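Subject: A structure to look through

Hello,

I am handing over a structure that I have been reading through, and I would be glad if you kept it open beside this message. My notes on what was found follow below.

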Amino acid sequence: MRYDDTPPPPGPAPPAGTGRPWYARRSTLAVAAATLAPLCLAGWVLTEVATGAGPRRMPQSAPPAPHPAHAPGRAADAKANPAAGPAGTAGAPLTGRTVVIDPGHNPGNFRHTAEIGRKVDIGTTHKECDTTGTTTGTGYQEAEFTLDVSRRLRTALEARGVTVVLTHEAGRPWGPCIDERARIGNEAGADAVVSVHADGASEGSRGFHVILPAAVKGGAADTAGIVGPSRLLGEAIAGNFARTTGSTPANYLGGGTGLVVRDDLGGLNLSLRPKVFVECGNMRDTKDAALLADARWRQKAAQGIADGIVGFLGG
Ligand code: ZN
């Protein structure tokens, strides 16, 4: 869930000067594939990612089919690279790299509304320390979802040799505050930071989106150094997330790009490291909620995010 009720900026996210969005940057082969199968989003994303385009290239040493949920992507990887090893033995090419994963909210926040309600300085303004997040209609908490996906994501990244830091797990009754979440990424010197969320929009609003930091400057907030790399990180995650989950970009914001730029999130404004939020789906939509509550789908979601991060890191 977003950190407040402020509507995000309308329309397509990409600002001028950054070229075409992730879904439009296709190789010739991918364009041909898309022409042949215009309705198969997952198919052309797979083709695009497998054929490679800059930092979104899939890891060439990705292991083949460690989980049925990943079969399409992994099969393509294995075909492209028959020498790819089994899961967890890909040569740990990302040893020495650090990724901070930020599970959105905290399951205990509901019991600590006073603590999380106090305002913290996010540079450009003051915002609530943290929020409770949303729930599905059947009571599955966003904060439980984010922890579960984050743990799966950690496992996938550690298998590639990445050092992973979670901003919180089970050791604290509430929070952290959004300024501390950003600080953890900064102090870790993270190569990438991903905040995991699910949205709380209306029934019928479906799909995922990735939130990118806007260029902001004020107080401790100065995102000039992270806007560019964060976009690359977000595009890599969006493409891989679509491929592994089969989900489509959100139909209710971002103009169908799956990318949204925001200047009002403390966790982004205060970050000095490349960082994005991933809104994996809409917990208030019945169909999306069924996916979000499915452990097999969450594994696909985590794998897609992991593949995007690995691609961004050049693994
Ligand atoms: Zn959230």
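A residue is called exposed when its relative accessible area is over 50%, buried when that area is under 20%, and partly exposed in between. Please keep in mind throughout that this is a predicted model.

With those cut-offs, Ala-224 counts as exposed, because its relative accessibility is 64%. You will find Ala-224 in the loop that runs between β8 (221-222) and α7 (227-245). If you look from there to Pro-213, which is 11 residues away along the chain, the two C-alpha atoms are separated by 9.5 Å.

Thr-167 sits in another loop, the one between β4 (163-166) and α6 (178-187). Is Thr-167 buried or exposed? Its relative accessibility is 6%, and therefore Thr-167 counts as buried. Leaving aside residues up to four places away in sequence, Thr-167 touches several others, among them Val-100, Ile-101, Pro-103, Pro-176, Arg-181 and Ile-184. Asp-102 is also one of the residues touched, and here the side chains of Thr-167 and Asp-102 are joined by a polar contact of 2.6 Å.

Next come the cysteines. A disulfide is a covalent bond between the sulfur atoms of two cysteines. How many disulfides does a search of the whole structure find? The search finds one, and it joins Cys-129 to Cys-177, with 2.2 Å from S to S. Because Cys-129 lies in the loop between β3 (126-128) and α5 (142-158), while Cys-177 lies in the loop between β4 and α6, the pair ties together parts that are 48 residues apart in sequence. The torsion about the S-S bond is about -90°, so this disulfide is left-handed. Cys-129 counts as buried, at 0% relative accessibility, and Cys-177 counts as buried too, at 4%. Cys-280, at 2% relative accessibility, is likewise buried.

Finally, please look at helix α10, which covers residues 295-313. The helix has 19 residues and reaches 27 Å from its first C-alpha to its last, which is close to the 27 Å expected at 1.5 Å a residue. Of those 19 residues, 16 are buried, so α10 is largely enclosed by the rest of the structure. At the N-terminal end, α10 is capped by Asp-294, which has a side-chain oxygen 2.8 Å from the backbone nitrogen of Arg-296. Just after the helix, Gly-314 takes a positive phi of about 85°.

Best wishes

Conventions
Residues are numbered from 1 along each chain as its sequence is written. This is a predicted model: local features need pLDDT of at least 70, side-chain atom pairs count only at pLDDT 80 or more; totals for chains, interfaces and linings use all residues. Side-chain values use heavy atoms; hydrogens and water are left out. Helices (H or I, at least four residues) and strands (E, at least two) are DSSP runs, numbered from the N terminus. Buried means under 20% relative accessible area, exposed over 50%, partly exposed in between (1.4 Å probe, protein chains only). A polar contact is a pair of N or O atoms within 3.5 Å; within protein, one must be able to donate a hydrogen and the other to accept it, and residues adjacent in sequence count only if both atoms are side-chain atoms. Contact means heavy atoms within 4.5 Å. A disulfide is a pair of cysteine sulfur atoms within 2.5 Å. The expected span of a helix is 1.5 Å times one less than its number of residues.
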